[in-house]
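Subject: Structure handover

Hello,

Please find the structure below, with its sequence. My notes on it follow.

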Amino acid sequence: MSLFSALTTGVSGVSGQTRRFSTISDNVSNVNTTGYKSVRTEFATLVIDMMRPGAYNSGAIRSMVHRDVDRQGQVQSTSQTTDMAVAGPGMFVVKDTLTASEFKYTRAGSFDVNSEGRSEEHTSELQSQ
């Protein structure tokens with residue numbers, strides 16, 4: 001095994017674990033955020049092409065972060081009559097008041113009625129189209 005191969009393996013492992021700790025940190029810090037969906041890190045083993053026939057190469061790992069934003073979350077009861085929830089797949093389609101031509105999607109159903117009698121989504125958990 002070459003020094004480069006050993007370093008590649010070590011760097012990919014450290015990078016993968018860093019990404020995993022980052023997703024755990026995101027999940028813990030957003031545990032009370034309305035509409036937040038937990039993220040998870042998955043790993044895959046990589047086989048690296050050998051430069052010379054018969055040479056040993058230790059390989060590496062690849063880490064991937066998965067965000068399931070359309071997954072059903074926990075539905076909580078509130079005292080607001082304008083709060084709604086999506087049961088099953090789907091999202092609320094809303095328009096940002098600053099850029100009225102752009103649609104955004106959310107599963108956080110915390111809405112208010114503005115002075116004009118129109119419904120407004122009052123959380124910042126929006127995702128662009």
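A nonpolar patch on the surface is formed by Phe21, Ile24 and Val28, with about 320 Å² of accessible area together. Patches are made of residues with over 30% relative accessible area and no salt bridge; like charges are joined within 9 Å, and nonpolar side chains (Val, Leu, Ile, Met, Phe, Trp, Tyr) within 5 Å. Areas come from the Shrake-Rupley method with a 1.4 Å probe, and for residues only the protein chains shown count as cover.

Before the rest, a note on the source: this is a predicted model, in which local features need pLDDT of at least 70 and side-chain atom pairs count only at pLDDT 80 or more, while totals for chains, interfaces and linings use all residues. Residues are numbered from 1 along each chain as its sequence is written, and side-chain values use heavy atoms, with hydrogens and water left out.

Helix H1 covers residues 3-29 and includes valine 28; helices (H or I, at least four residues) and strands (E, at least two) are DSSP runs, numbered from the N terminus. Valine 28 is exposed, at a relative accessible area of 58% (buried is under 20%, exposed over 50%, partly exposed in between, with a 1.4 Å probe and protein chains only). Serine 12 is also found in H1, but serine 12 is buried, at 13%. Beyond its neighbours within four places in sequence, serine 12 is in contact (heavy atoms within 4.5 Å) with Ala60 and Ile61.

E3 runs antiparallel to strand E4 (residues 103-106), joined to it by 4 bridges; strands pair if DSSP finds at least two bridges between them. Lysine 95 has phenylalanine 103 as its bridge partner in E4.

The whole structure holds 1 aromatic pair (ring centres of Phe, Tyr and Trp, the last by its six-membered ring, within 6.5 Å; planes under 30 degrees apart are stacked, over 60 edge-to-face, the rest tilted). Phenylalanine 92 and phenylalanine 111 form it edge-to-face, with 5.3 Å centre to centre and 85° between the planes.

Arginine 40 and glutamate 42 form it, at 3.1 Å from N to O. Arginine 40 is partly exposed, at 36%, and glutamate 42 is partly exposed, at 32%.

Regards

Technical notes
A salt bridge is a side-chain nitrogen of Lys or Arg within 4 Å of a carboxyl oxygen of Asp or Glu.
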